[in-house]
Amino acid sequence: MKELPPETLERVRSLILEGNKIQAIKLYREATDASLRESKVQIEQLSDELRISHPKQMTVNESTGCAGMLLLSILPLGGIVYALVV
């Protein structure tokens, strides 16, 4: 990982722990002038390290993802349809 000022590194870590990897990548790129690919690799590596050192916080703040959001939006509809049919 390229050298980051301590306050920037702490902000990148906070963003990752909050589940905001895209913002962390953007901040890393701005601070280091690294390519998008290199920034993504570095943030993923730091994320893996944080997953080991802060497992509970990483589990709580990991994003659900598109498939999870779709599932969460469809489930209530199933209950409504069932209630209307029965």
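Predicted model: local features only at pLDDT ≥ 70, side-chain atom pairs only at ≥ 80, totals over all residues.
Residues are numbered from 1 along each chain as its sequence is written, and side-chain values use heavy atoms, without hydrogens and water.

I then looked up α1 itself, residues 6-17, whose twelve residues reach 16 Å from first C-alpha to last, close to the 16 Å expected at 1.5 Å a residue (1.5 Å times one less than the number of residues). Its buried residues (under 20% relative accessible area, 1.4 Å probe, protein chains only) are T8, V12, L15, I16 and L17.

Next I checked the packing on α3, where the two axes come within 10 Å and cross at roughly 70°; the axes are lines fitted to C-alpha atoms over the stretch in contact, with angles from 0 to 180 degrees between N-to-C directions. The helices are therefore roughly perpendicular (65 to 115 degrees). L9, V12, R13, I16 and L17 of α1 meet I43, L46, S47 and L50 of α3, with contact meaning heavy atoms within 4.5 Å.

Finally I followed L50, which lies in α3 (residues 36-53) and counts as buried at 5% relative accessibility. Leaving aside residues up to four places away in sequence, L50 touches R13, I16, L17, P55 and M58; R13 is 37 residues from L50 in sequence and 7.9 Å away, C-alpha to C-alpha.

Methods:
Helix = DSSP H or I, 4+ residues; strand = E, 2+ residues; numbered from the N terminus. Buried < 20%, exposed > 50% of the residue type's maximum accessible area, 1.4 Å probe, protein only. Parallel < 35°, antiparallel > 145°, perpendicular 65-115°, else oblique.
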